[in-house]
Amino acid sequence: MMNIEPVDDSEKRRKRKRDRIVLDVGGATFTTAISTLVSNSIYFNSLFSELWSHEEIDHDEPIFIDQDPEPFAILLSFMRVGYVEGKKTHKRCPFPGGVSGNGKAD
């Protein structure tokens with residue numbers, strides 16, 4: 001019989017905790033991964049650059065972004081899955097060419 005030792009998931013949990021960020025966008029709270037934001041946005045890539053160490057971030061304290069939360073929710077959804085669900089047609093609507101750092105379609 002083979003001896004199976006329990007896997008220590010504590011390091012995985014610490015990495016996930018460091019990647020999690022809370023944003024306060026116009027009064028609405030969004031919780032997401034820093035990796036989602038930086039891989040899809042020049043703005044967030046700069047905000048969370050190597051100059052701003054992830055160790056200095058209070059991952060439970062929201063970072064305030066003075067923008068309208070409704071369009072931000074759509075943009076964040078696009079960053080996560082790569083398309084936007086149309087409300088009336090329910091069709092996937094990818095942005096041709098992607099989204100630039102200012103959050104507008106290229």
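User: What does pLDDT stand for in this predicted model, and what does the chain average?

Analyst: pLDDT is the predictor's confidence in each residue, from 0 to 100. The model is predicted. The chain averages a pLDDT of 76. At least 70 is reached by 58% of the residues.

User: Which elements have the lowest and the highest mean pLDDT?

Analyst: Helix α1 (residues 10-19) has the lowest, at 63. Strand β2 (residues 28-33) has the highest, at 95. Where pLDDT is low, the coordinates should not be read in detail.

User: How many aromatic pairs does the structure hold?

Analyst: The structure holds 4 aromatic pairs.

User: Why is the pair of phenylalanine 44 and phenylalanine 48 called stacked?

Analyst: Two values decide. The ring centres are 6.3 Å apart, and a pair needs centres within 6.5 Å. The planes stand at 10 degrees, and stacked means under 30 degrees. So phenylalanine 44 and phenylalanine 48 are a stacked pair.

User: What makes the pair of phenylalanine 44 and phenylalanine 72 edge-to-face?

Analyst: The angle does. The centres lie 6.3 Å apart, with 65 degrees between the planes. Edge-to-face requires over 60 degrees. The pair of phenylalanine 44 and phenylalanine 72 is therefore edge-to-face.

User: Why does the pair of phenylalanine 44 and phenylalanine 72 tie together parts that are apart in sequence?

Analyst: Phenylalanine 44 lies in helix α3 (residues 42-47). Phenylalanine 72 lies in helix α4 (residues 69-81). The parts are 28 residues apart in sequence, so the pair ties them together.

User: Which residues do ring pairs link into a cluster?

Analyst: The cluster holds Phe30, Tyr43, Phe44, Phe48 and Phe72.

User: How do you know whether phenylalanine 44 and phenylalanine 72 are buried or exposed?

Analyst: Set each value against the cut-off. Buried means under 20% relative accessible area. Phenylalanine 44 has 4%, so phenylalanine 44 is buried. Phenylalanine 72 has 9%, so phenylalanine 72 counts as buried too. Phenylalanine 48 is also buried.

User: Why does threonine 36 count as buried?

Analyst: Its relative accessibility is 17%. The limit is 20%, and buried means under that. Threonine 36 therefore counts as buried. Threonine 36 is found in helix α2 (residues 34-38). Not counting residues up to four places away in sequence, threonine 36 touches Met79 and Arg80.

User: And why does serine 77 count as partly exposed?

Analyst: Serine 77 has 35% relative accessibility. Buried would need under 20%, and exposed over 50%. The value falls in between, so serine 77 counts as partly exposed. Serine 77 is found in helix α4. Beyond four places away in sequence, serine 77 touches Gly82 and Tyr83.

Note on methods
Residues numbered from 1 in each chain as written. Predicted model: local features only at pLDDT ≥ 70, side-chain atom pairs only at ≥ 80, totals over all residues. Heavy atoms only, no water. Phe/Tyr/Trp six-rings, centres within 6.5 Å; stacked < 30°, edge-to-face > 60°. Buried < 20%, exposed > 50% of the residue type's maximum accessible area, 1.4 Å probe, protein only. Helix = DSSP H or I, 4+ residues; strand = E, 2+ residues; numbered from the N terminus. Contact = heavy atoms within 4.5 Å.
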